[in-house]
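Please look through the sequence and the structure shown below before reading on.

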Amino acid sequence: MDILFDVLRTAIAPSTAAFALAAIGLNFHFGLTGLLNMGHAGFMLLGMYGFAISLQQGWPIWLAVIIGLLAAAIFAVLLGWPTLKLRGDYLAIVTIAAAEMVRLLGRSQSLKDLTGASSGIRGKDFKEPFETLSPFPDSIVTIGPFQMHGSRSSSWWLTVVTWVLVGIFALVFWRLANSPWGRVLKGIREDEDAVRSLGKNVYSYKMQALVIGGMIGALGGITWALGNSVQPDSMARPTTFWLWTLLLLGGAATVFGPVLGSILFWSALTLVKSLASAFIPDTVLSTTELEPFSLVLVGVTLMLLVIFRPQGVLGNKKELAF
Amino acid sequence: MLARLDRRVLLRAALVFLIAVVGVTAVLAMGGSADAASSETAAAAASSSGTFDLFIQNLFNGVVFGLLLALASVGLSLIYGTTALSNFAHGEMVTFGAMLTYWLATPQPVRIPLIPVDFNIGLPLIPAALLAIAISAGLGWVQDRIIWSQLRRRRVAMVQQMIVSIGLSLALVNFIQWWMGGRPVRLTTAIDPRNDYGPISVSNTTLISMAIAIAALLGVAFFLQRTRLGRATRAVSDNPALASASGIKVDSIIRLVWIMAAGLAALGGILLALYQQGIGFDDGTKLLLMMFAAVTLGGLGHPYGALVGSLIIGIVAEVSTVWLAPDLKFATALGILILVLLVRPQGILGRAERVG
């Protein structure tokens, strides 16, 4: 019974919503346009750096969010500019390299005053302006079986905000994907040359998709940081790969794919960990081995998904960039 | 070669270079501790000799690192050449080789995940290394047999195969962590005396490692240039359909390439672990992007390109630490990768063709 509550708690947790948000951004890249962005964690990290550092300077929270989003947008333009004309796997290598560069710069001792180097920026240094906006009481609140703080860190307040944001951006995705603009992107995904011969500027459309998706990714990063802290190493390559796994799990190019994928992914991870710690004896699988063990399963899931069911739970096989 | 670069490309390169310079300057200006950090290390090392000697020492370190990197990236390049797959799980083969050597050589009791029994193998280092290379090469064969040949047979798209390799890399790196734990391990506890040759200080192990790396790379070159199988490999790499039509068994060649690539990566990993005196579970994963940078710089799919690219990347990464903080050396190498894609996406040795 406890395990079930744990799983449910993970399903509604703010970090699950933050990952769903970031995956919606990735869905603009991969699902709609077919761009192989393998550095989405870099967008998330830039978003949270922009946000947290602006707040540390004492700027208002709306400005901080805008700066976080702008950082990601500039990053997208710089990345897309040389690579969007090249073949898809080049984009994959460049995005993964660029995201890694952002992380290495962020954790470098040279920038310690700004980014806090490898230890990052502590939650209490930037969360306060967001937490004072909370209409919830400043204490533990119990709703049904769930117990969370009203407004601090991973709180009811953050839960409400993140899931509302997920709803808004799912709606935005749905509207944009069915607009003339979205149809051009889908055309690029299916056959770039055909769209080019219709007189569309493919490069510019790809760039727009990269920027929009990157900004949504940054917003995902910001909301994730509000529930945790700014930590460069938590936004390394594995994070990008988790995002891909959960996007492909839910179904790329669908409206609810990223949301369902994120919920399924994190719930399943919690379920596997709690079942393993409950039923497998400690001599066979100790508690420190649980984490790598469950991540091995994630990797295998990604392989099997891509080979046997690339469209995921909700997707349509014809709607895929592969 | 230069004549074909048109003005627009040069302009773009100049602009990116400018942005990079501004960025680096900004980084150094904003983080006040930067100058302190980098000049501190530089000063500590240079107090006795001077910046020039430091430069020479780093140049030498760069050549060593480049040679070890080349061992790993030649395989990556061969795989790309023959199958067009960007194999993201290649870094784990590097770690695996080194970890397996440790597992076979350490006198401490070791385990296999999920089996609650302690083993005590404790082979001497050299047989352990040879055995580890053989097992890794076997793993390359198994990988191709179980995964990649099946995917080729099912005609799974290249992008899909690339994501499969990403999944494999995620699984393998976590498996290695599960197997060996999060701490770096040392292959040997022997004390390694350093000798001075002019401004260069180097240990005997490193010299032997260099010799082994050069011998292995020469071996690969000989294989590719002078043997029938090597010529067949180059033929497949050039044009698989044509190679198949002229009676070359493309699938066996690809399997051979996988075996070679895995074996070379394992050798590279073992030498790297000796060179940097220890290896962590994610060292190979960190190296993967260096390999991609090297392979892209030299020309994707061009085996000698991987060698040239690795040496350049190795030297740039090490020499950059004369001026920049040492924890930025990987970032510098990745910056080069992006710059290369901007100016000459086909790499140094690659043939110019449409890549977009």
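Two strands pair if DSSP finds at least two bridges between them, and strands (E, at least two residues), like helices (H or I, at least four), are DSSP runs numbered from the N terminus. This is a predicted model, in which local features need pLDDT of at least 70 and side-chain atom pairs count only at pLDDT 80 or more, while totals for chains, interfaces and linings use all residues. Residues are numbered from 1 along each chain as its sequence is written, and chains are lettered from A and ligands numbered from 1 in the order in which they are written.

In chain B, strand 3 (residues 194-197) and strand 4 (residues 200-203) run antiparallel and are joined by four bridges. Within this pair, Asn195(B) stands opposite Val202(B) of strand 4. The hairpin of strands 3 and 4 of chain B has two residues between the strands, and there Gly198(B) takes a positive phi near 60°.

Also in chain B, the axes of helix 5 (residues 125-153) and helix 10 (residues 250-275) come within 8 Å and cross at roughly 140°, where axes are lines fitted to C-alpha atoms, for helices over the stretch in contact, and angles run from 0 to 180 degrees between N-to-C directions.

Between the chains, 47 residues of chain A are in contact with 46 residues of chain B, contact meaning that C-beta atoms, placed from the backbone, lie within 7 Å. Helix 5 of chain A gives the largest share of chain A's side, 13 residues. The table divides that side by class, where Ala, Val, Leu, Ile, Met, Phe, Trp, Tyr, Cys and Pro count as nonpolar, Asp, Glu, Lys and Arg as charged, and the others, Gly among them, as polar.

| Class, side of chain A that touches chain B | Residues |
|---|---|
| nonpolar | 33 residues |
| polar | seven residues |

Note on methods. Two residues are in contact if their C-beta atoms, placed from the backbone, lie within 7 Å.
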